[in-house]
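This report covers helix packing, charged pairs and backbone geometry. The sequence and the structure come first.

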Amino acid sequence: MASRASAATSRLMVGFRKWYYNACGFNKLGLMRDDTINENSDVKEAIRRLPEQVYNDRMFRLKRALDLSMKQQILPKDQWTKHEEDVHYLEPYLEEVVHERKEKE
């Protein structure tokens, strides 16, 4: 019985995460979560370390989102970034930068 309750809770949490992800709205502009991280010095260094194609993809998404935002438009629903497809591409680089900075301090 406990495993059924935890499975139901797990499904509920996944549903809530997907709802919240869509409610944030950045996916309607074709952005990923990591595209929205506030750019402090650690984030800027992590972005600098991205492979060229990942960096170019990020810049395309940001420019498209800015253009859509200025026009007060969103992408067609079939082009929204889906929760399941949102890859945390910046996280490993950011963790590395933060770790290196903390070692220096």
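## Charged pairs and helix faces

Asp34 counts as buried because its relative accessibility is 0%; buried means under 20% relative accessible area, exposed over 50% and partly exposed in between, with a 1.4 Å probe and protein chains only. The model is a predicted one, in which local features need pLDDT of at least 70, side-chain atom pairs count only at pLDDT 80 or more, and totals for chains, interfaces and linings use all residues. Residues are numbered from 1 along each chain as its sequence is written, and side-chain values use heavy atoms, with hydrogens and water left out.

Asp34 is joined to Arg33 by a side-chain salt bridge of 2.9 Å, N to O. A salt bridge here is a side-chain nitrogen of Lys or Arg within 4 Å of a carboxyl oxygen of Asp or Glu. Side chains of opposite charge can pair when their charged atoms come close. Arg33 is partly exposed, because its relative accessibility is 29%. The side chain of Arg33 also meets that of Glu91 in a salt bridge, at 2.7 Å from N to O. Since Arg33 lies in the loop between H1 and H2 and Glu91 in helix H4 (residues 91-104), the pair ties together parts that are 58 residues apart in sequence. The helices are DSSP runs (H or I, at least four residues; strands are E, at least two), numbered from the N terminus. Glu91 has a relative accessible area of 33% and is partly exposed.

A salt bridge also links Arg49 and Glu96, with the closest N and O atoms 2.8 Å apart. Arg49 sits in the loop between H2 and H3 and Glu96 in helix H4, so this pair ties together parts that are 47 residues apart in sequence. Salt bridges that share partners join Glu45, Arg48, Arg49, Glu96 and Glu100 into one network. Over the whole structure, a search finds 13 salt bridges. The relative accessibilities of several residues are listed below.

| Residue | Relative accessibility | Class |
|---|---|---|
| Met13 | 38% | partly exposed |
| Arg49 | 25% | partly exposed |
| Glu96 | 39% | partly exposed |
| Glu52 | 64% | exposed |
| Gln72 | 74% | exposed |

Which residues of H2 are buried? They are Asp42, Val43, Ala46 and Ile47. Seen down the axis of H2, these buried residues fall within an arc of 135°, so they line one face of the helix; the arc is that of the directions from the helix axis to the C-beta atoms. Ser41 and Arg48, on the other side of H2, are exposed. The buried residues of H2 pack against H3 and H4, where contact means heavy atoms within 4.5 Å.

Helix H3 covers residues 52-70, and at 1.5 Å a residue its 19 residues should span 27 Å, which agrees with the 27 Å between its end C-alpha atoms. The expected span is 1.5 Å times one less than the number of residues. Arg58, Arg61, Ala65 and Leu68 are buried in H3. Viewed down the axis of H3, its buried residues fall within an arc of 100°, so they line one face of the helix. These buried residues pack against helix H2 (41-48). On the face of H3 turned away from the buried side are the exposed residues Glu52, Gln53, Phe60, Lys63, Leu66 and Met70. Glu52 and Arg11 are 41 residues apart in sequence, and their C-alpha atoms are 37 Å apart in space.

Just after H3, Gln72 takes a positive phi of about 55°, although Gln72 is not a glycine. Most residues other than glycine have a negative phi. Gln72 is placed in the loop between H3 and H4.

On the surface, Met13, Phe16, Trp19 and Tyr20 form a nonpolar patch with about 470 Å² of accessible area together. Patches are made of residues with over 30% relative accessible area and no salt bridge; like charges are joined within 9 Å, and nonpolar side chains (Val, Leu, Ile, Met, Phe, Trp, Tyr) within 5 Å. Accessible areas come from the Shrake-Rupley method with a 1.4 Å probe, and for residues only the protein chains shown count as cover. Met13 lies in helix H1 (residues 2-24).
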